[in-house]
Structures are given as C-alpha cells and as structure tokens.
Amino acid sequence: MFRNNYDNDAITFSPQGRIFQIEYASEAVKQGSVTVGLCSKTHVVLVALKRNAEDLSSYQKKIISVDTHLGLSLAGLASDARVLSNFMKRQALASKMTYGRPIPVERIVTQIGDRAQTNTQNYSNRPYGVGLLVAGVDDTGPHLFEFQPSGMTQEMVACAIGARSQMARTYLERNLDKFESCGREELVTHGLKALKESLNQDKELTVENASVGVVGVSGGAEGVKRKLEGFRLYDGEQMAPLLEKALIGEGVTTQGGEGGTGESMDTS
C-alpha cells in the first residue's frame, strides 16, 4: 500500500498527523491469533490460542515466562516478541542483581514501551509488529498491562488482542463486574470462555491449540504479606482438566482440532 510518500519510514507524520508505519504494525497485531488477559484481586490469567503455519508444523508458542512473578502473551510477529521478552528477562535479572528484589511490573512495562517508542524517532528502525499482554505480581498486587506497537502501555482489568478479539472483548465487558472477586480457577474459566467466543464456528479449543498462564498471590489476612504463587504455564495435556472444567457440555474436545492457519510465516 502506498500513501503519498508518508509511509516510507516510521518518523514522518502525514498532514493528518498519522504515522502509517505504526498503523501497519498494529495491523500485524490484528493478524495474530487472539490472546486474552484477566485480572482479579489475587490473580492474573493469560489465555492464548496457538496457530500452526501448516499441518506438518508445530504450534507457535504464545505465552512466555519472564520471571517467577511475571509473564506475557503475544499477538503478532513472534520474532519481535522474542526480542522484547529477552530484553524483559535481562531487566528482571538486573533488578535482582542490583536491588535484590523482583522488578515492579509497571516499571518493566514502561521500559519496553520506551524501547518501542524510540523506534519511531530513528529513520533506520521500524516499529515492533507485536502486541503484548503482560501479567505480573509485585508489592502492590496483581497487574495486567497491554503493550502496543506505538509504545503505548496501559493497565487493564481485562483485555483481548489479535484476530477476532472483538468477540472476546464483548464477553469480557459483559462479565466485567465478576472478575475482581474471582479466584484462580474461576478466572481461568472466564478466560477460556472468552477465548472460545473468538473462534470460528468450525473450530474448537483443544489441548494442542490452547495455553494458559497464571500468576498470583495466596490469600491471607489483611495486613499480612501474602505468598507469591509463581508464574505457571499450562500447555499440552496439562490443559485437559482446565478445558473439561471450564467448557463442559459445550462440545469441546481435548484432542485434535486446529487453531487456524497463520496469514504470514511467523505471525502468531
């Protein structure tokens, strides 16, 4: 697509005040398979739909553990997400070595936002073609953040990004009042139901194309420091009991099925 020489780089504004390269990067996020995040008083849950580029290939990894208290899910170019997640891992490790404590969630999200925004100020760089949902727990409690290719970050109660994510967002908006008081299992159930809303009618959630990441804190009396429940990824056969419990009676199978075919070689 050619737009009057204003889309040749990521630093030139159009007369309407738009940077087209950033908009194109956002389109890459919309091409990726959907991922959903939900946050309650005690836990944060990430739920993602995985894709395989063809029948002979494995499913793309959609949820990445960054630290014991932190993880992310992606929609868009998996290679860009790998670069950002490696940067986050280095920052998390640096915080432990320098300050002797895990890095606060908001700080690390701000750092990747600054890194992405810098790409819009240099002619030789391009925006990251990936959107992230970052889930973590720190001294202030559980947090869920959305990262966009423009470098904008915002804290969310619930969020969905990727292809057909509007269907999942509709479910989240309809049940928004329930999330705050949900426990771990209830939050996972809502996440899987929201994910199922985004599927084509001929698709089903299976142990192969779905994954879940959970992090949170254990309950405790008010004023007492709560214990961290480290980030845990559920994948493969570990998904079977979660799917059976969340989607029982809805015709969901635990084997076979497809998550869809990617539109580009590494968009996930």
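Buried here means under 20% relative accessible area, with exposed over 50% and partly exposed in between, using a 1.4 Å probe and protein chains only. By that cut-off, 49% of the 268 residues of the protein count as buried.

This is a predicted model: local features need pLDDT of at least 70, side-chain atom pairs count only at pLDDT 80 or more, and totals for chains, interfaces and linings use all residues. Residues are numbered from 1 along each chain as its sequence is written, and side-chain values use heavy atoms, with hydrogens and water left out.

**Whole chain**

Show the cartoon first. The protein has 7 helices and 10 strands. Both kinds of element are DSSP runs, numbered from the N terminus: helices are H or I with at least four residues, strands are E with at least two. Among contacts (heavy atoms within 4.5 Å) between residues at least 6 apart in sequence, 66% join residues at least 24 apart.

**Stop 1: the sheet β8-β1-β2-β9-β10**

Select these 5 strands. They form an open sheet in the order β8-β1-β2-β9-β10, with antiparallel pairing. Two strands pair if DSSP finds at least two bridges between them. At the edges are β8 (158-161) and β10 (228-234), each pairing on one side only. From one strand to the next, the twist averages 5°. Such angles run from 0 to 180 degrees between N-to-C directions; axes are lines fitted to C-alpha atoms, for helices over the stretch in contact.

Now zoom to β2 (residues 43-49) and β9 (residues 210-217). These strands pair in the antiparallel sense over 7 bridges. Pick Val44: opposite it in β9 stands Val215.

Helix α4 lies across β1 (35-39) and β8, running at about 170° to β8.

**Stop 2: α6 against α7**

Select helix α6 (residues 184-197) and keep α7 on screen. The two axes come within 9 Å and cross at roughly 80°. That makes α6 roughly perpendicular to α7, a class that covers 65 to 115 degrees; under 35 counts as roughly parallel, over 145 as roughly antiparallel and the rest as oblique.

Show side chains. On the α6 side are Glu185, Val188, Thr189, Leu192 and Lys193. They meet Met239, Leu242, Leu243, Lys245 and Ala246 in α7. The residues of this contact divide into 6 nonpolar, 1 polar and 3 charged. Here Ala, Val, Leu, Ile, Met, Phe, Trp, Tyr, Cys and Pro count as nonpolar, Asp, Glu, Lys and Arg as charged, and the others, Gly among them, as polar.

**Stop 3: Val188**

Center on Val188, in helix α6. Is Val188 buried or exposed? Val188 counts as buried, at 7% relative accessibility. Leaving aside neighbours within four places in sequence, Val188 is in contact with Val45, Val212, Val214 and Leu242. Val188 and Gly213 are 25 residues apart in sequence and 8.9 Å apart in space, C-alpha to C-alpha.

**Stop 4: the sheet β3-β4-β5-β6-β7**

Move to these 5 strands. They make an open sheet in the order β3-β4-β5-β6-β7, with antiparallel pairing. The edge strands are β3 (63-67) and β7 (153-155), each pairing on one side only. The twist averages 25° from one strand to the next.

Start at β3. A hairpin joins β3 to β4 through 2 residues. The two run antiparallel, with 4 bridges between them. Asp67 has Leu70 in β4 as its bridge partner.

Color β4 by burial. Strand β4 is mostly covered: 7 of its 7 residues are buried. Its pairing with β5 is antiparallel, over 7 bridges. Find Ala75; its bridge partner in β5 is Gly131.

Continue to β5 (residues 130-138) and β6 (residues 141-147). They pair in the antiparallel sense over 7 bridges. Leu132 stands opposite Phe147 in β6. Finish here with helix α3 (residues 105-118). Helix α3 lies across β4 (70-76), β5, β6 and β7, running at about 10° to β6.

**Last stop: the cysteines**

Select Cys159 and Cys182. Cys159 counts as buried at 4% relative accessibility. Cys182 is buried as well, with a relative accessible area of 7%. How many disulfides does the structure hold? It holds 0 disulfides, a disulfide being a pair of cysteine sulfur atoms within 2.5 Å.
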